[in-house]
Amino acid sequence: MSTPSSASAPSADPVPRFAEPPKTPPNQTPAHLEQDLAVVRGTPTSAHKPKSILKPAAAGPDAEMSMLSERSGAGRKMGGEMQKFTSMYANAYDEEKNPNGLVSLNMFRKAANETFEVADMGYGDGITSSRRLANAMSSFFNDYFDPLENVKPEHISFANGCTALFDQLGHVLCDEGDAILIPVPFYNAYAWDFSIRTKAKVVPVPVGSMDEGFEPNSVEAYKRTVDELRQKGVKPRVLVITNPHNPLGRTYPRSTLLALAKFAEEEDLQLIMNEIYAKSIYENKDWPDAPPFVSALSINYAKELGKFDRSRLHLVYGMSKDFCANGLRIGVFVSQHNPELITTLSGTGFFVKVSSMADAIWSHILKDREWLGWFLAENKKRLGEAAQFTREWFQERGVSVARCNAGNFLMVHMGRRLQITTEQEEIAIGDKLIAAGVFIARGGSYKHPTPGWYRVTFCSDPAKLRVALERIEKTLDLTPMGKE
Ligand SMILES: Cc1ncc(COP(=O)(O)O)c(C=O)c1O
């Protein structure tokens, strides 16, 4: 990676920046900041009302019009205030670049070392991330997700991990008891991330076998679930689709993505596409016609379906998987046609703001396009090699491996080889392996409907992977077929 430039170095930055603020004569406050300064001075004027994109908060006749939960009203109001307050920092004073800018005496500044800029030690110039990261992130989406419309920094809200985003989204999209639909099997943490504090209800949708869940007609199972919920008086609000899928490690065909969006439109659901594994697609010679990854950002739903309200479409991405950096804690939320939702997330944005160090690290990575291109290609190649090695290892031992082309794990079915027919037996095998010093996640923990499946993560140091596989072989007596 190239060395990040220092604060005063001339900008050779290929990433587009926010527009330069208008030049203002010395000693005169720029007109567009007058109202924001009123808030800082503690003298908000009647002119300083949230703009009209903010629908009225919570109760009242207009509450019905909003797509967001009633309880999100306070966040919506606060979000408007926060966005105005931080807009001041777009015009921050700089001796050379912006001598007429705003000097904030409100922030504590400390020295930075050579790698990070002084600004990296402060609260930064945005609510949930720096503007630099928002710019770099939008360029990343525009370069790698083939969006129908360019992703702009103002379409993005960040959090310290997708986990925190799920909590926020459960809060602002649902009221207590409202339903979030997720097809099974699913990433097990959804069950609590979306609901533990928000009291929204995560409802598993039984879409059938592994292959059936990727078919366009799987929407029939979603429809049955929605009808059952409505009969019970439960309000379905959100549909969450993880593409590429975790734990199944594969991509959805385009036709199924269209069918799911149509369903969300017909049932008036918010559609959250979790694409956290988008850049972890690899080639599998056993599945040459695997569907290519298609980002929801790239599909012209309105054209293909005749009707689609894009304000219901949201995307989740993060640093944890494709960048193998889950400790840095960065989650990204993109919503291109729902400024109300982005504003509302700003209201609690400071609760989950990305740390300035993580922000600086990812900004530098994303801006180093040469390195980024190399890294993504190398990652894809290595994932493919590790997946093939692991797949063949299990296949040689009579253990079938589910179709996979994405993610850093694959699903193996030990049911037949080990005669597992119940969840208790599946748990017992899992426990036996833990006692022998190796952990693989059980399918049941993802609500997989058939006992005997396990998720094996192959993205590991090769030496460690070998140790784990040797332990599995020894503990379960899984000698290669023909060598028993
Ligand atoms: C589908 C999916 N979403 C989100 C996460 C967690 O993301 P983060 O580390 O950003 O909280 C994971 C982690 O395993 C995941 O598999």
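Reply: Two residues are in contact here if their C-beta atoms, placed from the backbone, lie within 7 Å. This is a predicted model, with pLDDT of at least 70 needed for local features and 80 or more for side-chain atom pairs, while totals for chains, interfaces and linings use all residues. Numbering starts from 1 along each chain as its sequence is written. Helices (H or I, at least four residues) and strands (E, at least two) are DSSP runs numbered from the N terminus. Axes are lines fitted to C-alpha atoms, for helices over the stretch in contact, and angles between N-to-C directions run from 0 to 180 degrees.

Let us start with helix α11. Residues 369-396 form α11, and this helix lies across β8, β9 and β11 (453-457), running at about 10° to β9. Those strands belong to an open sheet of four, ordered β8-β9-β11-β10, with antiparallel pairing. β8 (400-401) and β10 (441-442) stand at the edges with a single partner strand each, so one side of each has no neighbour in the sheet. Strands count as paired if DSSP finds at least two bridges between them. β8 and β9 (residues 409-413) are joined by two bridges and run antiparallel. Ser400, for instance, has His413 of β9 as its bridge partner.

The other sheet is also open, with seven strands in the order β1-β7-β6-β5-β4-β2-β3 and mixed pairing. At its edges are β1 (156-159) and β3 (201-205), each pairing on one side only. From one strand to the next, the twist averages 25°. Inside this sheet, β2 (residues 179-183) pairs with β4 (residues 236-242) in the parallel sense over three bridges, and Ile180 has Val238 of β4 as its bridge partner. Helix α4 (residues 162-173) packs on the sheet and touches β1, β2, β4, β5 (270-274), β6 (313-318) and β7 (331-334). The direction of α4 makes about 40° with that of β7.

Now to helices on helices. Two packed helices are described by the angle between their axes and the distance between the axes. Helix α2 (residues 73-87) packs against helix α9 (residues 339-347) at about 85°, their axes 6 Å apart. That angle makes α2 and α9 roughly perpendicular to each other; the wording follows cut-offs of under 35 degrees for roughly parallel, over 145 for roughly antiparallel, 65 to 115 for roughly perpendicular, and oblique for the rest. From α2, the contact involves Ala74, Gly75, Arg76, Met78, Gly79, Gly80, Met82 and Gln83, and from α9 it involves Glu340, Thr343, Thr344, Leu345, Ser346 and Gly347. By class, this contact has four nonpolar, eight polar and two charged residues. Here Ala, Val, Leu, Ile, Met, Phe, Trp, Tyr, Cys and Pro count as nonpolar, Asp, Glu, Lys and Arg as charged, and the others, Gly among them, as polar.

Next come helix α3 (residues 131-144) and helix α10 (residues 356-367), whose axes come within 9 Å and cross at roughly 40°. Their crossing is left-handed, a label used if the near helix is turned anticlockwise from the far one by less than a right angle, with right-handed used if clockwise. Arg132, Leu133, Ala136, Met137 and Phe140 of α3 make this contact with Asp359, Trp362, Ser363, Leu366 and Lys367 of α10. Six of these residues are nonpolar, one is polar and three are charged.

Helix α6 (residues 219-231) and helix α7 (residues 254-266) pack at about 20° with axes 10 Å apart, and are therefore roughly parallel to each other. The crossing of α6 and α7 is right-handed. Val219, Tyr222 and Lys223 of α6 meet Ala259, Leu260 and Phe263 of α7, giving five nonpolar residues, no polar ones and one charged.

A few backbone details are worth a look too. The loop between β4 and α7 holds Pro244, which is joined to Asn243 by a cis peptide bond with omega about -5°. Pro247 is in the loop between β4 and α7 as well, and the peptide bond between Asn246 and Pro247 is cis, with omega about 15°. In the loop between β6 and β7 sits Arg329, which has a positive phi of about 60° although it is not a glycine.
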